[in-house]
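Trainee: Please pick one part of this model and take me through it closely. What surrounds it, and what holds its surroundings together?

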Amino acid sequence: MSLRVDYYLSLISPWTYLGHDRLVAIADRAGARIAWKPVDLGRIFPETGGLPLKQRSVQRQAYRMMELRRWPDRLGVPLNPEPRFFPADESRAARMVLQAIAEGGNPAGLIGGVLTAVWAEDRDIADPETLVDIARRNGFDSALPARAEAAAEEHTRTRDAFGREALAAGVFGAPTYVVGDELFWGQDRLDFVAARLGVALD
């Protein structure tokens, strides 16, 4: 039986950004298939006790900022802990990713491009022109975002279904990786994901 990782992700999450490329590399080494599942945390949080950032206690917000400075240094990746366009509406970006999947494309680079735009490039992923540029940079044609909008209702239903599936699986935040019956929450759990898939974490 082939290995599979159900990857519940948020396209606006810094933690998804920090873990994305590492997850893709781990899955590649393990020969595992990734099931890409962009979700809306705004629908998951109310069901699981989570709070939007601005509603969290000052202590939690302060600790989040500490972690957003620690992890980029540890991983050697660029990250602006206070990006210009955060939060941004990620729904258009999610539809673009789902359109790429529907057309049989590998969305790994596209997802990484969206996350990088927010957390390393200070770009607005709610802007259609930004998405056109991200699509081009990652091997897709410039009309991909337009096709995604033409199929907006279908992609919204798919994303909603991923949200319901996530809740049923016990997901409460992003990124969450599910392998078999095991759930791993957060990019700082990728060592466990690697072990579960039988490979070493670089």
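Mentor: Contact, or packing, here means heavy atoms within 4.5 Å. The model is predicted, so local features need pLDDT of at least 70 and side-chain atom pairs pLDDT 80 or more, while totals for chains, interfaces and linings use all residues. Residues are numbered from 1 along each chain as its sequence is written, and side-chain values use heavy atoms, without hydrogens or water.

The part is helix α1, residues 14-30. Helices (H or I, at least four residues) and strands (E, at least two) are DSSP runs numbered from the N terminus.

Buried means under 20% relative accessible area, exposed over 50%, and partly exposed in between (1.4 Å probe, protein chains only). Buried residues of α1 include Pro14, Tyr17, His20, Leu23 and Ala30. The buried residues of α1 pack against β1, β2, α3, α5, β3 and α9.

One of these neighbours, β2, holds Lys37. Lys37 forms a salt bridge (Lys or Arg side-chain nitrogen within 4 Å of an Asp or Glu carboxyl oxygen) with Glu165, at 2.2 Å between the closest N and O atoms. Because Glu165 lies in α8, the pair ties together parts 128 residues apart in sequence. Lys37 is buried at 6%, whereas Glu165 is partly exposed at 31%.

Methods. The expected span of a helix is 1.5 Å times one less than its number of residues.
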